[in-house]
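Let's take a walk through this protein chain together. Keep the picture open while you read, and look up each residue as we reach it.

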Amino acid sequence: MQLKHLEPFRLSLEKLKEVSTRLRKDMIRGLGKHTHHRAAVKMLPTFVRATPDGTEKGDFLALDLGGTNFRVLHVRVMEEEQKMVKMDSQLCAIPQEIMLGTGEQLFDHIAACLSEFLDSQNLKGQTLPMGFTFSFPCEQKEIDKSILIRWTKGFNCSGVEGEDVVKLLKEAIHRRGDYDISSVAMVNDTVGTMMSCGYRDQTCEIGMIIGTGTNACYMEEMKNVKRVEGEDGQMCINTEWGGFGDDGSLEDILTEFDKVVDRTSINPGVHTFEKMISGMYLGEIVRLVLMKLTEKKLLFKGEVSEALRTKETFETKFISMIEDGLENAKKILTELGLTWDLVDARVVRLVCETISSRSARLCAAALATIVDRIRANRGLPHLKTTVGVDGTVYKKHPNDELQKAMHFLAPDCKIKFLVSEDGSGKGAAMVTAVAQRLALQSRLLEESDGEEDEEEKVRS
């Protein structure tokens, strides 16, 4: 069945290769010392310098703040069994008045909930290291220093923008004085995904999220990270690839429907790539296409229901349900107040498959850019690597389209996908565990260097 309105969504493999080439240029711009500030793909240094090697162990706290609730977790990492166990966790609500109050009130509230959790776990006497997943736009200066750029998601606490959130948290804990934490590692949710998978599979060096939004991170060679001092080793880079295309570089593949979604969103002109791929927008794209086909009398005998006319009534979850079978399509169309026949149900399914398939193929183009960059960085003819993945769009939609496109776009790379288990909790603990291991190794190295210097002095 061919519908000319769906043609703009069908991107050829050649076109995907072009998209991949554009992203590669943007990534290099984002890594540059003098070009990053005007790059659409931000390529933020995370100061995470290694993936797990399997020797990490100990007890850790994880704090996950990303919305109107936050979670506190106690995670135990066991080296001999090569596993991470979530000992317990607690969900704490953040009332509206605190979301719009002062920064001091917010961090005092977090510190109080943390205190309550430590009491319930009998952990008050211990000083544990903590991973802090803070899902707001930040500029990270060190592993334990992160400056909030701006609040999103309905938060507007005064005195936090432009400040170091780790410092504010530590000050709130000191104000209480009934417990302490030893160190804090700031973690982006994408990095948490890579790290939680990296403990189970040490070849994992890429994290990818395709859910409400989309983003990816990967291990880059330090010599290419021009914004941070040092040439040796690697650092995890948070690409922020959702912003790809914000400078107009994807104009030729945007459909009329993408342009409407962007125009009517809360952030027009921002996150162009994310709006073509992620769960927050896919359902709305389908709704707009169905509206157009109905207006052209190609669907539902030209009769639009009130529900279909209303923004965001076609939920993204409907897409995967309809892809699963026509029975679901019939049920959903009836719930949307539409009068349909079997041909209509088939056309709706085709629309869903086309838009879901474009999402997967664009994602493959971006991921292929990253894996091929890792391969080229290391001068390898072939790369075998693992991608840690999280997000409902990845979990609920058929992924063979993503795999097939990857096979064509990165033929020299063999990719394994591993679904993350609680990336923002266990992953945050793992970032902390790796940071501790590296700090210990560095200390031991300094001590042994010092001993060698002493011996040298004695000899001379």
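Let's begin with Met43, which is buried at a relative accessible area of 1%. Buried here means under 20% relative accessible area, exposed means over 50%, and partly exposed is in between, using a 1.4 Å probe and protein chains only. Before going on, a word on ground rules: this is a predicted model, where local features need pLDDT of at least 70 and side-chain atom pairs count only at pLDDT 80 or more, while totals for chains, interfaces and linings use all residues. Residues are numbered from 1 along each chain as its sequence is written, and side-chain values use heavy atoms, with hydrogens and water left out.

Helices (H or I, at least four residues) and strands (E, at least two) are DSSP runs, numbered from the N terminus. What is the phi of Met43? The value is near 50°, which is positive in a residue other than glycine. Why point that out? Because most residues other than glycine have a negative phi.

His271 is another case: phi is about 60°, again positive, although His271 is not a glycine. His271 lies in the loop between helix H6 (256-263) and helix H7 (274-277). Is His271 buried or partly exposed? With a relative accessible area of 25%, His271 is partly exposed.

**How the chain is divided**

Now zoom out. The domain assignment gives domain 1 (4-45 + 201-419) and domain 2 (58-187); such bounds come from an automatic or database domain assignment. Taken over C-alpha atoms, the centres of domain 1 and domain 2 are 31 Å apart.

The UniProt record (an unreviewed entry) places the feature "domain: Hexokinase C-terminal" at residues 205-434. UniProt positions are given in the numbering used here, feature names are shortened, and annotations may be inferred rather than shown by experiment. Over residues 205-434 the chain is 50% helix and 15% strand, and the end C-alpha atoms sit 14 Å apart.

**Helix H10 and its neighbours**

Next, find helix H10, which covers residues 316-324. Its buried residues are Thr316, Phe318, Ile319, Ser320, Ile322 and Glu323. What do these buried residues pack against? They pack against four helices: H8 (279-295), H11 (326-335), H12 (342-377) and H13 (392-396). Contact means heavy atoms within 4.5 Å.

**Aromatic rings**

Rings of Phe, Tyr and Trp (its six-membered ring) pair if their centres lie within 6.5 Å; planes under 30 degrees apart count as stacked, over 60 as edge-to-face and the rest as tilted. By this rule there are eleven aromatic pairs. One of them joins Phe134 and Phe136: the ring centres are 5.0 Å apart and the planes are at 55°, so the pair is tilted. Phe134 counts as buried at 4% relative accessibility, and Phe136 counts as buried at 6%.

Phe136 also pairs with Trp151, this time edge-to-face, with 5.0 Å centre to centre and 80° between the planes. This pair links distant parts of the chain, 15 residues apart. Phe136 is in the loop between strand E5 (128-134) and strand E6 (138-142), while Trp151 is in the loop between strand E7 (145-148) and helix H4 (165-176). Put together, Phe132, Phe134, Phe136, Trp151 and Phe155 form one aromatic cluster.

**Salt bridges**

A salt bridge is a side-chain nitrogen of Lys or Arg within 4 Å of a carboxyl oxygen of Asp or Glu. How many salt bridges does the structure hold? There are 34 salt bridges, including these:

| Salt bridge | Closest N and O atoms |
|---|---|
| Lys15 and Asp252 | 2.7 Å |
| Asp119 and Lys124 | 3.1 Å |
| Glu256 and Lys292 | 3.3 Å |

Asp252 is partly exposed, with a relative accessible area of 45%. Lys15 and Asp252 also belong to a network of salt bridges that includes Glu18 and Arg22.

In the pair of Asp119 and Lys124, Asp119 counts as partly exposed at 45% relative accessibility, and Lys124 counts as partly exposed at 21%. As for Glu256 and Lys292, Glu256 counts as partly exposed at 43% relative accessibility, and Lys292 counts as partly exposed at 22%.
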